[in-house]
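Welcome, and thanks for taking a look at this one. The report below starts at the ligand, then turns to aromatic pairs and strands.

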Amino acid sequence: MEKIIVALAGQPNVGKSSLINAISNAKLKVGNFSGVTVDKTEVIFNLCDEVSCRDYEVHIIDLPGAYSLTEYTIEEKVTKSFLQSDEYDLIVNVVDSTNLQRNLLFTTQLLETGKKVIVALNMSDEAEKEGIEIDEKQLSAILGVPCIKTSANTKEGIEELKHAIVEVYEKSETTAKIIYSDPIEEEIAHIVAFLKEKNYKSNLPYRHLAVKLLQEDTDVYKKMHDEPIWIELLPIIREALQHIYLHMGTKNLEEIFADEHFAFAKGAKMEVMSVKSMRAKNLT
Ligand code: GDP
Ligand code: K
């Protein structure tokens, strides 16, 4: 039976554990992430996909709740290093629908990993109570990945989520797409064109690789440093960064991309979310 390994990622208290219970009444394996004393929960269940008529053994690994892919806490460290590994097939990003913008900030970072992503808009029952309306089709179009309304309480969207896991698993690569400001987009296009021209063999989609190069991602730099293409690539990146700095003022790279993520998350939220009544908000 084919095995699908899902990394479940989200901010603390978005309902990851509850969603796991809703998806499966399954065997639970508890261990530790290698080298640290952070609990690693792994759930295994069989999934029969009705559309493809195929059986899968799905493993869900519940990553420690994290607010971002930085390394301020042990949980963030574990989550970041697992997400950078090849130990899984796709990410299910659990989002609290009642707190969309802040959650989408983390989503943006997950979309940048170059891995396949599904967004579960969880707590949909709670959002509905608060009069929050989210157009998940439009959000899918903006992020380039399936977005599914779920509720661990009412079981809304659970079957859809299971089907999406199979569908996304069967895709050859991620379709995630963050739109950056024009100067960054220009340099991404520039680097992608160069990688294409050189027919560079990459396990990341070119666009994702280009973004990581522009972010001076240490792991990617280390990996590519000894490759023949690096001698030609490095001056291109340097020039691209100069161009970006020129347009972005005095900010450093980390600040530039933090601002990009914020703007993208905020823009996405404004496009897809509306609030019908402020009843619940005004109660407290
Ligand atoms: P985790 O930290 O992400 O694993 O979150 P938990 O699964 O522990 O859930 C946090 C809290 O939210 C718990 O009190 C859950 O009962 C509640 N919860 C989780 N999912 C939902 C949901 O879809 N709807 C509602 N209304 N509550 C939920
Ligand atoms: K929990």
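## Around the ligand

By class, the shell around ligand 1 is made up of seven polar, three charged and three nonpolar residues. This is a predicted model, so please read every value here as computed from predicted coordinates. Of the 13 residues around ligand 1, the ones that come nearest are Lys16, Ser17, Ser18, Asp125 and Ala152. Two helices, α1 (16–23) and α4 (124–129), each supply at least two residues of that shell. The largest share, three residues, comes from α1.

| Residue | Protein atom | Ligand 1 atom | Distance |
|---|---|---|---|
| Asparagine 13 | polar backbone atom | oxygen | 3.0 Å |
| Serine 17 | polar side-chain atom | oxygen | 2.5 Å |
| Asparagine 122 | N or O atom in the side chain | nitrogen | 3.3 Å |

On its own, ligand 1 has 580 Å² of accessible area, and the protein covers 69% of it.

## Aromatic pairs

How many aromatic pairs does a search of the whole structure find? It finds four. One of them joins phenylalanine 82 and tyrosine 88: their ring centres are 5.6 Å apart and their planes meet at 25°, so the pair is stacked. The cut-off behind that label is planes under 30 degrees apart. Both phenylalanine 82 and tyrosine 88 are buried.

Tyrosine 221 and tryptophan 230 form another aromatic pair, this one edge-to-face, with 5.1 Å from centre to centre and 75° between the planes. Are its two members buried or exposed? Tyrosine 221 has 17% relative accessibility and therefore counts as buried. Tryptophan 230, at 7% relative accessibility, counts as buried too. The limit for that class is under 20%.

## Strands that meet at β4

Strand β4 (residues 54–62) pairs with strand β1 (residues 2–10) in the parallel sense, over seven bridges. Within this pairing, leucine 8 has aspartate 62 of β4 as its bridge partner.

Strand β4 also pairs with strand β3 (residues 39–49), here in the antiparallel sense and over nine bridges. Glutamate 42 has isoleucine 61 of β4 as its bridge partner. In a regular strand, side chains alternate between the two faces of the sheet.

The hairpin of β3 and β4 has four residues between the strands, and cysteine 53 takes a positive phi near 55° there.

Definitions and conventions: Residues numbered from 1 in each chain as written. Chains lettered and ligands numbered in written order. Predicted model: local features only at pLDDT ≥ 70, side-chain atom pairs only at ≥ 80, totals over all residues. Heavy atoms only, no water. Near = heavy atom within 4 Å. Polar contact = N/O pair within 3.5 Å; in protein donor to acceptor, adjacent residues only side chain to side chain. Areas by Shrake-Rupley, 256 points an atom, 1.4 Å probe, with all protein chains shown as cover. Nonpolar A, V, L, I, M, F, W, Y, C, P; charged D, E, K, R; others polar. Phe/Tyr/Trp six-rings, centres within 6.5 Å; stacked < 30°, edge-to-face > 60°. Buried < 20%, exposed > 50% of the residue type's maximum accessible area, 1.4 Å probe, protein only. Pairing = 2+ DSSP bridges.
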